[in-house]
Amino acid sequence: MGRGGHALAAVAGLAAAIPVYYLTDAAARALRGGTVAFAPAPAALAYVAGVAVLIRVLTVWPAAALACGVPLTAAGVLFALDLDAAVGVAATLPWARAGGLPWPTGPVPWAAPGEPPGTLAGMTGLYALTGAFLVLSALLPARRRSILGG
């Protein structure tokens with residue numbers, strides 16, 4: 001992959017960080033909703049599957065995995081070290097005032113009052129885990145990185 005290919009992969013990785021962030025948050029909230037209702041949460045499975053597909057695609061290109069993984073790891077570390085600061089940063093994200101997700105959620109509010117998008121996923125360590133996986137996948141030797149990469 002040439003220099004332009006690495007730059008394009010990095011841009012794709014940065015762009016993928018947004019849906020990974022919000023899908024992970026949606027999965028955490030759906031799991032919480034299922035737990036509170038003591039009911040299955042099929043939406044959580046769909047969101048987790050979406051995140052898994054995005055992550056799998058990103059691991060094919062190390063530059064994309066790093067560009068997506070580093071911000072997610074940083075968000076996870078910030079949530080782990082300074083929850084108040086992390087919640088303050090999350091409150092400035094797009095859709096923070098509209099219920100926390102960029103798509104309509106129907107009659108069930110996804111966000112508790114004062115809970116910006118990413119709070120639950122950050123507090124549970126999902127961003128740290130997802131970001132660390134992406135960063136580590138980028139550091140693996142090419143022959144072990146992906147069966148999709150050839």
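## Helix α1 and residue V11

V11 lies in helix α1. This is a predicted model. V11 has a relative accessible area of 54%, so it counts as exposed. A63 sits 52 residues from V11 in sequence. In space, the two C-alpha atoms are 8.7 Å apart.

## Packing of α1 on α2

Helix α1 covers residues 3-37, and helix α2 covers residues 42-58. Their axes are 8 Å apart and meet at an angle of about 155°. Angles over 145 degrees count as roughly antiparallel, so α1 is roughly antiparallel to α2. The crossing of the pair is left-handed.

On the α1 side, the contact is built from G13, A16, P19, V20, L23, T24, A26, A27, A30 and L31. On the α2 side, A43, A44, Y47, V48, G50, V51, L54 and L58 take part. The contact of α1 with α2 holds 15 nonpolar and three polar residues. No charged residues belong to it.

## Packing of α1 on α6

Helix α1 also packs against α6. Here the axes come within 10 Å and cross at roughly 135°. That angle makes α1 oblique to α6. The crossing is right-handed.

From α1, the contact uses V20, Y21, T24, D25 and A28. From α6, L126, Y127 and T130 meet them. By class, the contact of α1 with α6 has five nonpolar, two polar and one charged residue.

## T24 between the two contacts

T24 is a residue of helix α1. T24 has 6% relative accessibility, so it is buried. Leaving out residues up to four places away in sequence, T24 touches V51, A121, L126 and Y127.

## The largest nonpolar core

The largest nonpolar core has 29 residues. Y21, Y47, L58, C68, L72, Y127 and L134 touch the most other members. Helices α1, α2, α3 (62-81), α4 (83-90), α5 (119-123) and α6 (126-139) each supply at least two residues. Helix α1 gives the most, with 11 residues.

L72 is one of the core members listed above. Its contacts, beyond residues up to four places away in sequence, are V20, Y21, Y127, A128, T130, G131 and L134.

Note on methods
Residues numbered from 1 in each chain as written. Predicted model: local features only at pLDDT ≥ 70, side-chain atom pairs only at ≥ 80, totals over all residues. Heavy atoms only, no water. Axes fitted to C-alpha atoms, helices over the stretch in contact; angles between N-to-C directions. Helix = DSSP H or I, 4+ residues; strand = E, 2+ residues; numbered from the N terminus. Parallel < 35°, antiparallel > 145°, perpendicular 65-115°, else oblique. Left-handed = near helix turned anticlockwise from the far one by under 90°. Contact = heavy atoms within 4.5 Å. Nonpolar A, V, L, I, M, F, W, Y, C, P; charged D, E, K, R; others polar. Buried < 20%, exposed > 50% of the residue type's maximum accessible area, 1.4 Å probe, protein only. Core = buried A, V, L, I, M, F, W, Y, C linked by side-chain atoms within 4.5 Å.
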